[in-house]
Amino acid sequence: ERLSQTLFEYETALDIDQAIQSGAFNMNGYPSRDSLDKQFLSVAQYMKSRQMRKVDREVYVVGQGGYDMHGGLETLAGKFLQANNALFNFVNEMKKQGIWEDTVVIMGSDFGRSITPNSNGGSDHAWGGNYWMIGGGLNGGQVLGEYPEHLSEKSEYWVKRGRMIPTTPWDSIWNGVAEWMGVKGDRDLDFVLPNRVNFDKCTKMFSGHDLFLNVQPAPCINDMDGDGVEDSIDQCNDTEYWNGEPVDSNGCQDKQPPTTPKVSLNRLQDVSRYAFPSTKLTYK
């Protein structure tokens, strides 16, 4: 198995090198004015090589620093403009490649910012914050989660100087993204998102259907193996849902050939545990 993997990687590397030399991944018209543009450009080039690399689901991380503005907010507008331009260019490239419908960009940060200013007119480290997603396949135009009724000392979520306790776990977003990427069942979702077990999955976790247009709604049930059958009546609790075989009312498949899941659960778990000082890009 190890030798086979080594040979596969070597052959793939040769194919990619040949394609690079031929200019197959060149994007001469892609703007690359600054570091953020260049990061998005690299992601776009990797995504363009996905078929040659024989992958259909990947997660990328790009970062834009400079938001730790204790000394004032004078540079904030410029940061927003830089991010907006980089995203505009990246979205256009995804549309050119025909994969914008299968791409989602998730903004995240390792901590929120205080609502009230400090003595320098800047903002300090806080807790809760607002985050956004964009993508061609998103069920967009929504504000999800619970917004505090008051942004002041009147709020039960207020903790000194404008620090707000989060009302929605970060895992809820990645629960929906993981389902969109093909992860099913409590066993695999809990593996990808270790903190998921600490929240009510029916009220605190966003589903794939909540976030994406092409994910079918499903009832919230106890379903360890992801076959869509309630555990209490499931007679086959180790169904390999990823092989595409039909499942009967007892939660069993006629045949379950050995196969490898299409989704790298370890990679998704790594992303879910990340400290999130960066923007996250996911596509399938």
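I counted the salt bridges to start with, and the structure holds eight; the term means a side-chain nitrogen of Lys or Arg within 4 Å of a carboxyl oxygen of Asp or Glu. This is a predicted model, in which local features need pLDDT of at least 70 and side-chain atom pairs count only at pLDDT 80 or more, while totals for chains, interfaces and linings use all residues. Residues are numbered from 1 along each chain as its sequence is written, and side-chain values use heavy atoms, with hydrogens and water left out.

**Overall**

I noted eight helices and six strands in the protein; these are DSSP runs numbered from the N terminus, helices being H or I with at least four residues and strands E with at least two. Along the sequence the order reads α-α-α-β-α-β-β-β-β-α-α-α-α-β. Of the 284 residues, 40% are buried (buried is under 20% relative accessible area, exposed over 50%, partly exposed in between, with a 1.4 Å probe and protein chains only). I looked up the accessible surface too: about 16400 Å², with 51% of it belonging to carbon and sulfur atoms (Shrake-Rupley method, 1.4 Å probe; for residues, only the protein chains shown count as cover).

**Asp-186 and its partners**

I found Asp-186, Asp-190, Arg-196 and Lys-201 linked in a network of salt bridges. Lys-201 and Asp-186 meet at 2.7 Å, N to O. Lys-201 is in the loop between H6 and H7 and Asp-186 is in helix H6, so this pair ties together parts 15 residues apart in sequence. Both Lys-201 and Asp-186 are buried. For Arg-196 and Asp-186 the N to O distance is 3.3 Å. Arg-196 sits in the loop between helix H6 (185–192) and helix H7 (208–211), ten residues from Asp-186. Arg-196 counts as buried because its relative accessible area is 7%; for Asp-186 the value is 8%.

**Arg-113 and Asp-68**

I then checked the salt bridge between Arg-113 and Asp-68, whose closest N and O atoms are 2.8 Å apart. Arg-113 is in the loop between E2 and E3, Asp-68 in the loop between strand E1 (58–62) and H4, and the two are 45 residues apart. Arg-113 is partly exposed at 22% relative accessibility, and Asp-68 is partly exposed at 42%.

**Helix H4**

I took the span of H4 (residues 76–97): its 22 residues reach 32 Å from first C-alpha to last, close to the 32 Å expected (1.5 Å times one less than the number of residues). Its buried residues include Ala-83, Leu-87, Phe-90 and Met-94.

I looked at Thr-12, in helix H1 (residues 2–21), and found it buried at 9% relative accessibility. Its side chain reaches the backbone oxygen of Phe-8 at 2.8 Å. Leaving aside neighbours within four places in sequence, Thr-12 is in contact with Met-52 and Arg-53 (contact means heavy atoms within 4.5 Å).

Ser-155 lies in the loop between E3 and strand E4 (158–159) and is buried at 8%. The Ser-155 side chain reaches the backbone oxygen of His-150 at 3.4 Å. Not counting residues up to four places away in sequence, Ser-155 touches Pro-148, His-150 and Met-164.

Key: A polar contact is a pair of N or O atoms within 3.5 Å; within protein, one must be able to donate a hydrogen and the other to accept it, and residues adjacent in sequence count only if both atoms are side-chain atoms.
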